[in-house]
Amino acid sequence: MEQSRFFHVCTDGTSNGIIFTCDADFQQAVTISAILAYKLGLRIICYCHMTNHSHFVVACKSEATAKNFIDGFKRDYAVYMNREYGISKIFKEIDTSIKEITERNYLRNCISYVLLNPVAAKICRVPEEYRYSSFGAYFQEKPIMGYPVQKLKNREQRKWLKTNADLSGAGYILNSDNSLNILSVIDFKFVENLFGSKTWFYKSLALTNSVDEELIYAPKVCRYSDIELFEEIAQISQKRYGRMTFHTLTKSEKFSLIPTIERKTRVSPRRLARILRLDNEEVENIMGVEHCRYD
């Protein structure tokens, strides 16, 4: 039997535009990746979804399989965004990275690095505070509780998982809110065996240097997380134009909101341009150049 190889796969975090806007989006990302993993015979070791990019560590037989996984993730999530929000070609200009992990220590460090992304981005102080990674799957010492996906009727599966894929042999479990239980999606036992104990798992996280310039986009002045900022802008859009889905606004309408957004949130030009999907220089010209440009 061919031995598994390990890969760190991710989408580009420097691209403009927020990709995950609410709990439902993050849950759908988990669902899409789980379905692809089952179809491709791939194991997800860990993941972390930030608001504008995603990281995975996966185990599979070849780099081609890892590429099929991340390409499929981009494709299927783009279909979801188009269906839910009318946003097309969301991943068209977003690159992906695939790096093979060949050493055991490197594998531990890579897992730690992925789970520390929200800490490096200054979204939270410790990784357990972040809801959209697989951190909560490890060293929990609790049974996998929930409803087996294989018992769902076709219409229930389409409603809750938004797929017609045959998942009868996947072994996935639904939580009470109809999201996938990550304990049934992630190979948490592998990670626990890799680190040996919860103590060493936490020590590895403490020792890993996860500060990467590409990840430091948390604001220096603005106190909002990306999701909170997204919701605040949606409220401003609703009040001004009667539309909370501000993706449907014209370019000029988005520009008209910028002074109000700036006054209420003190967000920087670069960060606001990313969320509104506007050109950095155009937003900077409206807001002025005195703001920090490094978020």
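On a 1 Å grid over the protein atoms alone, a pocket is an open set of points where a 1.4 Å probe fits, with protein on both sides within 12 Å along at least five of seven lines; lining residues have an atom within 4 Å of a point. Grid points are joined across faces, edges and corners, and a volume is the space filled by probe spheres set on the points. This is a predicted model, in which local features need pLDDT of at least 70 and side-chain atom pairs count only at pLDDT 80 or more, while totals for chains, interfaces and linings use all residues. Residues are numbered from 1 along each chain as its sequence is written, and side-chain values use heavy atoms, without hydrogens or water.

The largest pocket holds about 540 Å³ of space. It is lined by 24 residues, and those closest to its centre are Arg131, Asn175, Ser179, Leu180 and Ile182. Two or more lining residues come from each of α1 (23–40), β2 (43–49) and α6 (182–185); helices (H or I, at least four residues) and strands (E, at least two) are DSSP runs, numbered from the N terminus. The most is given by α1, with five residues. By class, the lining has 10 nonpolar residues (Ala, Val, Leu, Ile, Met, Phe, Trp, Tyr, Cys, Pro), five charged (Asp, Glu, Lys, Arg) and nine polar (the others, Gly among them).

The chain as a whole has 12 helices and six strands. Of its 295 residues, 52% are buried, that is, under 20% relative accessible area with a 1.4 Å probe, protein chains only.

Thr21 sits in the loop between β1 (5–11) and α1. Is this residue buried or exposed? Thr21 is buried, its relative accessible area being 5%. Its side chain makes a polar contact (N or O atoms within 3.5 Å, one able to donate a hydrogen and the other to accept it; residues adjacent in sequence count only if both atoms are side-chain atoms) with the side chain of Asp25, at 2.5 Å. Another polar contact, of 3.4 Å, joins the side chains of Thr21 and Tyr85. Leaving aside residues up to four places away in sequence, Thr21 touches Tyr85, Ile227 and Phe230, where contact means heavy atoms within 4.5 Å.

Helix α11 (residues 269–276) is mostly covered, with seven of its eight residues buried. Among them are Leu272, Ile275 and Leu276, along with Arg271 and Arg274. The buried residues of α11 pack against α9 (226–241), α10 (251–265) and α12 (280–287). After α11 comes Arg277, which has a positive phi near 60°.

Notes: Buried < 20%, exposed > 50% of the residue type's maximum accessible area, 1.4 Å probe, protein only.
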